[in-house]
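Good morning, and thank you for making time for this presentation. I shall go through one structure, part by part, and I ask that you keep the display in view as I speak.

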Amino acid sequence: MTPKINSVAILGSGTMGSGIAALAAEKNCKVLLLDTSKELVLKGREGLLMGNNPTLSDVSKIKNIEIGSFDEDFNKIKDFDWICEVVVEDLEIKRSIFKEIDKYKNPDAIVSSNTSGIPLREITKNISSRLLENVCITHFFNPVKVMKLCELIPGERTSTRVIDTLRSFLEKVFNKGVVNGKDTVNFIGNRIGCFLLLKGLHESTDARKKDITIEQIDALLSKPMGLPPTGLYGLIDLIGLDVMNSVGLNLSKNLPEKDIGRDYVLLPEAELEMFKNGQLGRKTGGGFYRIKKLNETEKVKEVYDLDKKSWRIAQKYTYDNGISLIFNESLEGKLAWDIMGSTLWYAADLIPEIADDIVNIDRAMRWGFAWSKGPFELLDLAGSNNFINKCKEKNMPIPNMLKVLLDSGEKTFYKDEQKKYLSLDGNYCNVS
Ligand SMILES: NC(=O)c1ccc[n+]([C@@H]2O[C@H](COP(=O)([O-])OP(=O)(O)OC[C@H]3O[C@@H](n4cnc5c(N)ncnc54)[C@H](O)[C@@H]3O)[C@@H](O)[C@H]2O)c1
């Protein structure tokens, strides 16, 4: 077993692969960056030095990155301590890369996939049992340089030494916040975050019929709910409707049968039409919003009216309410309950399925999705009793962790200035 990681072979030089390569090079690791062609990797490596705020802050560290192609240089991975697979999100392609890794890697090397949500057991079907002990998921968030989160997910047979070595490396060398996930579809951050986005699109379709606009929805689903300023539609513009569509398809294949997210995996009709027309978001020059240049000096932000299928000037809105808006009976309050309230419900029901405790879930949402507070911190703020009463009023079952809280006779998930958290067995434990 590799006791220490000094070198990293990165397979795939796209957005995420080149981001991980830059971070490793910056930390003085020996890096091998491979892709389908050497020219492609060369372009990716050069891209690390471009712009005002280049991905690679210390330009001299570029010398730490050796480049090559899968066809000519795969055998070089034998000299690397950690092999990180970062190719396109396609199960068959990932499986074929893992077959090659199995052929060439040093028996002690650690292997990981950066998949956003395909279960590890699917990717590693039919690989050797020796490799199964050394393999896990390291799920970085975009941009790698900026986002603190890395979800670390062992497979059924991954040795604890592999996980311990990687955790220590990710925290101490890469300076990441490591969250312990499980081998479930979309892991933690994307499971909860994509539920919010997909349910958000569906609930908003109905709300728009009651004359609430896209800009109002985005203003509501940002600061007041503890979410980033992009809101719902603005964030999907950033991610891309194509990515949202594939996320939905992956969820439809891999979500447990009775998961409430199943009802929202397909894009609503209007968004599906946008996807089919290639109106995907920022990467195609516009999605729900676009910036229109009026002349050399002036530009205006426009919003796409999904119902009239035309563009108009976007209006600015702000709401001063906080999370307790979810209990309000106004149109905005009802929408906030239907989207944010149900996301908090969902998160509270996913322990122990996706994580063993509330701390890992709260950290995943803060560090990976830039929420100002995690779901359980928000429940403490809104008042769990209020939340339970609202669930009863709506004839909704009480989710797992709220049942634990209720049975424990306690009122909050955290206490002693967030130094202690309520565990699944109903006792408080120290936050480490
Ligand atoms: N972009 C994100 O926000 C993000 C965040 C977290 C995780 N991820 C995951 O990271 C992985 C890479 O995503 P990305 O955003 O860097 O994608 P990307 O499209 O930027 O890069 C994908 C790379 O895969 C390579 N590739 C394409 N077809 C291939 C094939 N047949 N064989 C081998 N390589 C092939 C491409 O040349 C490209 O360099 C995916 O699994 C994705 O889900 C992405």
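Predicted model: local features only at pLDDT ≥ 70, side-chain atom pairs only at ≥ 80, totals over all residues.

**A walk through the model**

Let me begin with a pair of strands. Strand β13, residues 420–422, pairs with β14 in the antiparallel sense, over three bridges. Within that pairing, Tyr421 has Cys429 of β14 as its bridge partner.

Let me now turn to another sheet. Here the order is β9-β10-β11; three strands form an open sheet, and the pairing is again antiparallel. Which strands stand at the edges of this sheet? They are β9 (289–293) and β11 (310–313); each has a single partner strand, so one side of each is left without a neighbour in the sheet. From one strand to the next, the twist averages 40°.

β9 and β10 run antiparallel and are joined by five bridges. In this pair, Ile291 stands opposite Lys301 in β10. The link from β9 to β10 is a hairpin of five residues. On to the next pair: strand β10, residues 299–305, is joined to β11 by four bridges, and these two strands also run antiparallel. There, Asp305 has Ser310 in β11 as its bridge partner.

Next, the domains. The domain assignment divides the chain into domain 1 (7–180), domain 2 (189–313) and domain 3 (349–430). The C-alpha centres of domain 1 and domain 2 are 30 Å apart. How many residues of domain 1 are in contact with domain 2? Seven residues of domain 1 are in contact with six residues of domain 2. On the side of domain 1 that touches domain 2, the residues divide into three nonpolar, two polar and two charged.

I come now to the ligand. It is surrounded by 20 residues, and the closest are Gly14, Met16, Glu89, Ser116 and Asn142. Which element provides the largest share of this shell? Helix α1, residues 15–26, does so, with three residues.

Pro143 is found in the loop between β6 (135–140) and β7 (149–154). A cis peptide bond also joins Ile351 and Pro352, and there omega is about 10°. The place of Pro352 is in the loop between α13 (331–349) and α14 (358–369).

For context, most peptide bonds are trans, and most residues other than glycine have a negative phi. Phi of Asn126 is near 70°, a positive value in a residue other than glycine. Asn126 lies in the loop between α5 (120–123) and α6 (129–133). For Asn186, phi is likewise positive, near 65°. Asn186 lies in the loop between β8 (177–180) and α8 (189–209).

Is Asn126 buried or exposed? Asn126 has 8 other C-beta atoms within 10 Å, and it is therefore exposed, the cut-off for that class being 12 or fewer. Asn186, by contrast, has 26 other C-beta atoms within 10 Å and is therefore buried, a class that requires 20 or more.

Lastly, consider Asp90, which lies in the loop between β4 (82–85) and α4 (91–104). Because Asp90 has 13 C-beta neighbours inside 10 Å, it counts as partly exposed. Asp90 and Ile118 are 28 residues apart in sequence, and their C-alpha atoms are 8.7 Å apart in space.

That concludes the presentation, and I would welcome your questions.

Technical notes:
Residues numbered from 1 in each chain as written. Near = placed C-beta within 6 Å. Domains from an automatic or database assignment. Contact = placed C-beta atoms within 7 Å. Nonpolar A, V, L, I, M, F, W, Y, C, P; charged D, E, K, R; others polar. Pairing = 2+ DSSP bridges. Axes fitted to C-alpha atoms, helices over the stretch in contact; angles between N-to-C directions.
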